[in-house]
Amino acid sequence: MRLTMAIVFAIMIVALIICAIMASRSKKAIGLVVAFAVTCIIFPIVGNLIITVSTSEKLSTIGYYIYFIGMDMIMYSMFYFALRYCRVKKSYKFLRILVVTLSLIDVVQLLLNPLLHHAFATERIVVYGADYYRLIPYFGQTFHRVVCYGILAMIFVIFLIRRATTPRIYAERYSSILICMLIAAIAETYFIFSKTPIDISMIAFGIFGLTLYYFAIHYRSLRLLDRMLSDLVSEMTQSIMFFDSHGGCIWANDAAVAQMGIDRRNFELADAKIEEMFPNLPTINDWTQEYTKGEGEDFRYYILKKQAVRDARGRVTGSFLGIEDKTSEYQELAQQRYLARHDSLTGLYNRDYLYKRILERIDEHPQEGYYIGFLNVKNFKMVNDVFGNAFGDYTLKCIADKLREFVPEGGIYGRITGDLFGFLVPISHFNQERLVKNMTAFVVEEGDVSYSPFVQIGIYEIARGDRDVAVMFDRAHMALTSIKDDYTERVAYYDDHMRSQVLWEQMLSAQVEKAIEEKQIRPYYQPIVDAKGKVVGAEALARWRHPEKGFLNPSDFIPVFEKNGMIADVDRSIWRSACEKLASWKKEGRDMFLSVNISPKDFYFMDVAEELVELTKEYEIDPKNLRVEITETVMMSDIKNRLGILRRLKKAGFIVEMDDFGSGFSSLNLLKDMPVDVLKIDMVFLRESAERDRARTIVHNIIKLSHDLRMTSLTEGVETEEQFKALADMGCHLFQGFYFAKPMTDEEFEEFCRKEK
Ligand code: C2E
Ligand code: MG
Ligand code: MG
């Protein structure tokens, strides 16, 4: 029997050692505290093991010391564990000092027993046929018991308070330890009073150690988990229903009960409700599906998710269905998406989305032929200025409505910016008659205002392989530009001519820099003569001797560069050449002038006056010999600023000539403000026509007018002797034209001058 007990103790010890090691390795904060408490429990068991197996008095006595001191250690460690495990927030310093002090006093008084013999002695008895040394307790032993029970009582109090103040669901973690502790204490008490030789309460202590380890380190209340999860699911806003393995509903949370009108007492009826609300759901498990219901106000958007619940072996034991009402999120997203893709004024697609949709359509049906249309309201700025912005907005909305009405099926349309709209129409559905007529001729009426917008449309037929929508619209726009100034045309198609024009322009623009550098572009000179036929100067006219394309006239390239701004570079180089020439004449002592042309576009890219002044300074020439030719279009915009520039030029000593006078619209009107010195009368008046006499009368009067205004008159385009004579008779001062000479190279011009002499 003693041996059996010893073996049980030994097994207990080994088990506790393992628990202590595992607890110390645990990642939990309380791990080390548990390891300490479990280790302390080992000592009294070791003590009792020694007492049980020992037949010598000495060894038994040592066993008793280990036992008693071990009990002190248990009490201290358990006290410490209780504070931590029960999460006692206050430090209770006083109590802790008391417990430590009591334990230490007890240990000391026990250790003094060999000297004072006040705590205990042993007496030999025979147990199961062998010597056994039984304890005879004295006063010190009583003190030891008082200390141990005292601390134990404190531990109980800590646990009881904690258990009472904790929600019931958590109470389990405290109750279980409390009960084990109580059993151990009762067993110990029984041992003390029963006077049985072997302390079987040690088994209770050992079990208590193991319980402690389990509850503190491993235990997770399943009930707790269960409750928490079901609470969580119940309170979720999402509807959740659970089904058994046969698919019958066994439970639904509050949201599901409310949403589906399920009877809590009879979940079985829920299946029918689900079918009623969401017909034709998949019968299999594990899917997620969007579900929309109703329209307008009643519109709802759900996300349904069904998932199987499987056991450890992968068999389906049930399933659950989650139903989430995502209507507001869906609507918010739809709203955001709408705003990102639509123009807020007209509700049409905005440019980016229009381009995207067009590209998608082309990609979807690449075999189909399409037209891209570019729609512009002529003089729309005027609508805003005259009728106000609100009416302007209203006009744009009307155009949007027209697009909605008349762009045929399969078409896509949107607002590009301002008064520019765009559309794509499959050629097979395109009816020019209907679309163009309806889109371009209508009346916008609001209140008393009635306005008929002048809408023009440029159309580009998409070529196979076209992918850049912006380029397609550029081309449609180009077609539009071709009729822009024409008030009779409403629609224009991009054609092969425009296509080659684009290529041509691209090629020229790419080469201009090199052409200037290599003097492929340079001035030709056309003599200007006086009434006696004497050369007094020349006009510098640009020519491009293109290495591949041959000889190019200004009309071939000047408009191209006026469009993209490169004209400024061309003009600068022509002016420079002219200055160079003037400088060389100055050296030779020849007093002749050169006229250079100024493009209206030059004013956008440079300070024309400053540029010319600098040039004359650089070449040290007299500004009066560098004549400046401008046309009335220079005055079409920014008049104040342009007038300022002309005045500066005059002030600097340049002679300003008004080129092509009479060919434009407002020549006469401008004449009164423009500070010009020379009127270059346009050659239109010299052309052969039925009304020759009337033309003559006009020219005659222009010449007279220029003299009255103290201007020099110069007629260009003089081709015959007769014209020359007649003009000279009218009093014209200067003449330029093929009758005298065509524009020619520098060398030819020099030769021409020599011969003239
Ligand atoms: P423009 O300044 O009015 O130049 C006169 C144009 O009339 C020249 O054409 C000239 O060759 C042409 N012409 C001269 N006499 C006669 C004639 O008797 N009969 C006919 N039918 N034509 C005659 P070109 O050289 O082709 O220049 C055309 C226009 O290009 C010029 O008109 C001018 O506006 C512009 N241009 C020429 N060179 C330059 C330049 O360097 N810079 C700028 N910005 N424009 C230039
Ligand atoms: Mg000119
Ligand atoms: Mg001219």
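Some conventions come first. This is a predicted model, in which local features need pLDDT of at least 70 and side-chain atom pairs count only at pLDDT 80 or more, while totals for chains, interfaces and linings use all residues. Residues are numbered from 1 along each chain as its sequence is written, chains are lettered from A and ligands numbered from 1 in the order in which they are written, and side-chain values use heavy atoms, with hydrogens and water left out.

Ligand 1 sits in the largest pocket. A pocket is found on a 1 Å grid over the protein atoms alone: it is an open set of points with protein on both sides within 12 Å along at least five of seven lines. A molecule sits in a pocket if more than half of its atoms lie within 2 Å of the pocket's grid points.

Polar contacts are pairs of N or O atoms within 3.5 Å. One nitrogen atom of ligand 1 is 2.7 Å from an N or O atom in the side chain of Asp571. A nitrogen atom of the ligand is also 3.0 Å from a polar backbone atom of Ala542. On the side chain of Glu716, an N or O atom is 3.3 Å from an oxygen atom of ligand 1. On its own, ligand 1 has 790 Å² of accessible area (Shrake-Rupley method, 1.4 Å probe), and the protein covers 80% of this.

Next come the metal ions. Donors are N, O and S atoms within 2.8 Å of the metal (3.2 Å for Na, K and Ca); water is not among the atoms, so sites may look incomplete. Glu539 (OE), Asn597 (OD1), Glu629 (OE) and Asp659 (OD) coordinate the magnesium ion (ligand 2) at 2.0 to 2.3 Å. Along the chain, these donors follow the spacing E-x57-N-x31-E-x29-D.

Which residue bridges the magnesium ion (ligand 3) and the magnesium ion (ligand 2)? Asp659 does, and the two ions lie 4.1 Å apart. Distant parts of the chain are linked here: Asp660 is in strand β20 and Glu716 in strand β22 (residues 712-716), 56 residues apart.

Key
A polar contact is a pair of N or O atoms within 3.5 Å; within protein, one must be able to donate a hydrogen and the other to accept it, and residues adjacent in sequence count only if both atoms are side-chain atoms. On a 1 Å grid over the protein atoms alone, a cavity is a set of points where a 1.4 Å probe fits but cannot get out, and a pocket is an open set with protein on both sides within 12 Å along at least five of seven lines; lining residues have an atom within 4 Å of a point. Helices (H or I, at least four residues) and strands (E, at least two) are DSSP runs, numbered from the N terminus.
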